[in-house]
Amino acid sequence: MTQKKLKIRCWIEMDQTRFFGPGRAKLLELIAEKGSLSKAAQSMNMSYKKAWDMINDLNNRGSQPFVLLQKGGKLGGHAELTTFGLGFLKKYRQLDEKLQNLSKAHEELLDHC
């Protein structure tokens, strides 16, 4: 029997390019948890450069910075979400939860495929 699943994914676009979605949300969650961009990137099997570029894009194109980065030194680097970044992430996760509940509520559609 064929397995079917109704999936909804949410991305936010700015100027016709993706700005925020599931990957960036996960990266922000890991930065909040680990306090480090490099550790967050490692957890996602992502290069530090790619993670840096993603955060730099969020900070530059967003209306406010999402993450504060402190470069390494004797004590090493540190990363933390701003109040704005935490609030944005929370609202995104609330929206995502609503979308997932919506897809579950309409799974009967799969019976007609």
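Visitor: What share of the 113 residues in the protein is buried, and what makes a residue count as buried?

Guide: Buried residues account for 31% of the 113 residues in the protein, where buried means under 20% relative accessible area, exposed means over 50%, and partly exposed covers what lies in between (1.4 Å probe, protein chains only). This is a predicted model, in which local features need pLDDT of at least 70 and side-chain atom pairs count only at pLDDT 80 or more, while totals for chains, interfaces and linings use all residues. Residues are numbered from 1 along each chain as its sequence is written, and side-chain values use heavy atoms, with hydrogens and water left out.

Visitor: Why is Arg24 called buried?

Guide: Arg24, which lies in helix H1, has a relative accessible area of 16%, and because this is under 20%, the residue counts as buried. Leaving aside neighbours within four places in sequence, Arg24 is in contact (heavy atoms within 4.5 Å) with Phe19, Met54, Asp57 and Leu58.

Visitor: How do you know that Met54 is buried, and how far apart are Arg24 and Met54 in sequence and in space?

Guide: Met54, a residue of helix H3, has 11% relative accessibility, which is under the 20% limit, and therefore it counts as buried. Arg24 and Met54 are 30 residues apart in sequence and 7.2 Å apart in space, C-alpha to C-alpha, whereas Met54 and Gln42 are 12 residues apart in sequence and 14 Å apart in space, again C-alpha to C-alpha. Not counting residues up to four places away in sequence, Met54 touches Gly23, Arg24, Leu27 and Met46.

Visitor: Why are Asp15 and Gln16 called exposed, and what is the phi of each?

Guide: Asp15 has 73% relative accessibility and Gln16 has 77%; both values are over 50%, so the two residues count as exposed. Both are found in the loop between strands S1 and S2. Phi is near 50° in Asp15 and about 65° in Gln16, positive values in residues other than glycine.

Visitor: What makes a set of residues a nonpolar core, and which residues of the largest one touch the most other members?

Guide: A nonpolar core is a set of buried Ala, Val, Leu, Ile, Met, Phe, Trp, Tyr and Cys residues joined through side-chain atoms within 4.5 Å. The largest such core has 23 residues, of which Phe20, Leu27, Leu28, Ile31, Ile55 and Val67 touch the most other members. Strand S2 (17-20), helix H1 (22-34), helix H2 (37-43), helix H3 (48-61), strand S4 (78-81) and helix H4 (83-105) each supply at least two residues of this core, and H1 provides the largest share, five residues. Leaving aside neighbours within four places in sequence, Ile55 is in contact with Leu27, Leu28, Ile31, Leu37, Val67 and Leu69.

Visitor: How many helices and strands does the protein have, and what makes a run count as one?

Guide: The protein has four helices and four strands, following the pattern β-β-α-α-α-β-β-α along the sequence; helices (H or I, at least four residues) and strands (E, at least two) are DSSP runs, numbered from the N terminus.

Visitor: How does the radius of gyration of the protein stand against that of a compact globule?

Guide: The rule for a globule is 2.2 Å times the number of residues to the power 0.38, with the radius taken over C-alpha atoms. For 113 residues a compact globule would have a radius of gyration near 13 Å, but the protein has 17 Å, and its C-alpha atoms fill a box of roughly 60 × 30 × 25 Å along the principal axes.
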